[in-house]
Amino acid sequence: MSDCIFCKIIAGEIPSKQVYKDDLVTAFYDINPLAPVHVLIVPNEHIPSVNEVEERHEAVLGRMFTVAKKIAAEHGIAEGGYRLVVNTGADGGQEVFHLHMHLLGGRKMGKLG
Ligand code: 5GP
Ligand code: ZN
């Protein structure tokens with residue numbers, strides 16, 4: 001998608017602090033961190049949100065979790081714990097419509113609400 005900010009980050013057209021990249025996913029630090037560790041893990045393919053997820057995406061969706069686990073361990077927050085969030089749609093608080101998983105850690109999280 002030519003007008004998608006995360007597609008541009010994946011393509012290297014917009015700079016980001018990249019944490020990880022492979023054939024299926026890219027991870028980079030959130031520009032406006034809400035926790036000491038705040039990483040976004042995104043599919044390299046443009047999938048707008050969970051609402052557009054299909055069975056053929058199951059490999060990339062699984063990879064998002066294994067990469068989240070790896071990044072959490074590398075940042076020393078695996079044992080203490082962390083939060084994975086996928087906002088979906090306007091009421092879900094989604095602002096960028098390229099599927100992404102927030103990895104938040106390094107502080108005690110409050111209750112969801
Ligand atoms: P959402 O609200 O859609 O779940 O989360 C979008 C996230 O993307 C926000 O936490 C926001 O700070 C982050 N974000 C938006 N634009 C950029 C950008 O250009 N670079 C980076 N690294 N993060 C961004
Ligand atoms: Zn995109």
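Let me start with a term: a polar contact is a pair of N or O atoms within 3.5 Å, where within protein one atom must be able to donate a hydrogen and the other to accept it, and residues adjacent in sequence count only if both atoms are side-chain atoms. Keep that in mind for Asp22, whose side chain reaches the backbone nitrogen of Val25 at 2.8 Å.

Before we go on, a word on the source: this is a predicted model, where local features need pLDDT of at least 70 and side-chain atom pairs count only at pLDDT 80 or more, while totals for chains, interfaces and linings use all residues. Residues are numbered from 1 along each chain as its sequence is written, chains are lettered from A and ligands numbered from 1 in the order in which they are written, and side-chain values use heavy atoms, with hydrogens and water left out.

Back to Asp22, then. Asp22 sits in the loop between strand 1 (18-21) and strand 2; helices (H or I, at least four residues) and strands (E, at least two) are DSSP runs, numbered from the N terminus. The side chain of Asp22 also makes a polar contact with the side chain of Arg63, at 2.8 Å. Is Asp22 buried or exposed? With a relative accessible area of 18%, Asp22 is buried, because buried means under 20%, exposed over 50%, and partly exposed in between, using a 1.4 Å probe and protein chains only.

Now to the metal. Which residues hold the zinc ion, ligand 2? Cys4 (SG), Cys7 (SG), His46 (ND1) and His98 (ND1) coordinate the zinc ion at 2.0 to 2.3 Å. Donors here are N, O and S atoms within 2.8 Å of the metal (3.2 Å for Na, K and Ca), and water is not among the atoms, so sites may look incomplete. Along the chain, the donors of the zinc ion follow the spacing C-x2-C-x38-H-x51-H. Cys7 in helix 1 (residues 5-10) and His46 in the loop between strand 3 (37-43) and helix 2 (58-74) are 39 residues apart, so this pair links distant parts of the chain. Cys7 and His46 are both buried.

Ile47 lies in the loop between strand 3 and helix 2, and Ile47 counts as buried at 2% relative accessibility. His57 is in the loop between strand 3 and helix 2 as well, buried with a relative accessible area of 3%. The C-alpha atoms of Ile47 and His57, 10 residues apart along the chain, are separated by 9.1 Å. The side chain of His57 makes a polar contact with the side chain of Glu45, at 3.2 Å. Val53, also in the loop between strand 3 and helix 2, is partly exposed, with a relative accessible area of 28%.

Next, ligand 1. A polar side-chain atom of His100 lies 2.8 Å from an oxygen atom of ligand 1. From the backbone, a polar atom of Tyr29 is 2.9 Å from a nitrogen atom of ligand 1, and a polar atom of Ile31 is 3.3 Å from a nitrogen atom of ligand 1.

Finally, the inside of the protein. The largest nonpolar core has 17 residues; such a core is a set of buried Ala, Val, Leu, Ile, Met, Phe, Trp, Tyr and Cys residues joined through side-chain atoms within 4.5 Å. Which element gives the largest share of this core? Helix 2 does, with six residues.
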